[in-house]
Amino acid sequence: NSAGLTDFQGGTFAADAVVGSLVNHAGTVAPQGFTGGDFQAMTITGDYTQGSAATLDLQLGAAAHDALQITGQADLAGTLLVTLDNLFIPTLGDTFDLLDFGSLAGAFDTVTLPDLSGQGLFWDTSSLFTTGVLAVTDTAAPGDLDADGDVDLADIDLLLDNLGDPAFDLT
């Protein structure tokens, strides 16, 4: 930590608070790691920068969840990995405030979320990069043909593979 900057190169980083800014180049920031698996809000009193080879690992549970609270700017890239604690299954209407930030630049390159399709539910990520909130809904995002919570190249591939098939449901 030099002049209020923690420059993290790899491995797993866990803390309850970082005074100053944190740059995660290629490691995993995992708030729950600090308490040995318990849910944790990690507060960064400065900026947070996550590089394209880095991961933010947040865990959701029935009574609590991990969060990253940044008083300054969040400059995001890389991966957001969201996992469920033990046997917790989110229900319709659940919301999770995962990120708080003063301002935002960039977005995660990849958002990996637990599969809720067995419950007929979907993730709503529409507020993730405005308010930091992830929600559970019963409606898939428009264009999310594979119902994995995002619209990406896999959805386009699915569409092209099934183009012209009258049995293929585009809803």
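Is I156 buried, partly exposed or exposed? I156 is partly exposed, as its relative accessible area is 45%; buried denotes under 20% relative accessible area, exposed over 50%, and partly exposed the range in between (1.4 Å probe, protein chains only). The model is predicted, so that local features need pLDDT of at least 70 and side-chain atom pairs count only at pLDDT 80 or more, while totals for chains, interfaces and linings use all residues. Residues are numbered from 1 along each chain as its sequence is written, and side-chain values use heavy atoms, with hydrogens and water left out.

The protein contains 1 helix and 17 strands. Helices (H or I, at least four residues) and strands (E, at least two) are DSSP runs, numbered from the N terminus. I156 belongs to helix α1, residues 153–162. Together with L153, L159, L160 and L163, I156 forms a nonpolar patch on the surface, with about 500 Å² of accessible area in total. In such a patch, residues have over 30% relative accessible area and no salt bridge; like charges are joined within 9 Å, and nonpolar side chains (Val, Leu, Ile, Met, Phe, Trp, Tyr) within 5 Å. A salt bridge is a side-chain nitrogen of Lys or Arg within 4 Å of a carboxyl oxygen of Asp or Glu. Accessible areas come from the Shrake-Rupley method with a 1.4 Å probe, and for residues only the protein chains shown count as cover.

Of the 171 residues, 37% are buried.

An open sheet is formed by 4 strands in the order β3-β6-β9-β13, with parallel pairing. β3 (17–19) and β13 (99–100) each have a single partner strand and stand at the edges, so one side of each lacks a neighbour in the sheet. Two strands pair if DSSP finds at least two bridges between them. Between β3 and β6 (residues 41–45) there are 3 bridges in the parallel sense, and V18 has I44 of β6 as its bridge partner.

Strand β4 (residues 21–24) is covered on both faces: S21 and V23 on one side, and L22 and N24 on the other, are all buried. β4 runs parallel to β1 (residues 5–8), to which 4 bridges join it; here T6 is paired with L22. β4 also pairs with β7 (residues 48–50) in the parallel sense over 3 bridges, where the partner of L22 is Y48.

The largest nonpolar core has 31 residues, and L98 and L99 have the most contacts inside it. Strands that each supply at least two residues of this core include β6, β8 (55–60) and β17 (133–137). The largest share, 3 residues, comes from β8. A nonpolar core is a set of buried Ala, Val, Leu, Ile, Met, Phe, Trp, Tyr and Cys residues joined through side-chain atoms within 4.5 Å. Residues up to four places away in sequence aside, L98 touches L58, L60 and L134, among others; contact means heavy atoms within 4.5 Å.

The loop between β11 and β12 (95–97) holds N86. Phi of N86 is near 45 degrees, a positive value in a residue other than glycine, and N86 counts as exposed at 69% relative accessibility. T91 also has its place in the loop between β11 and β12, and is partly exposed at 44%. Neighbours within four places in sequence aside, T91 is in contact with L121 and V136.
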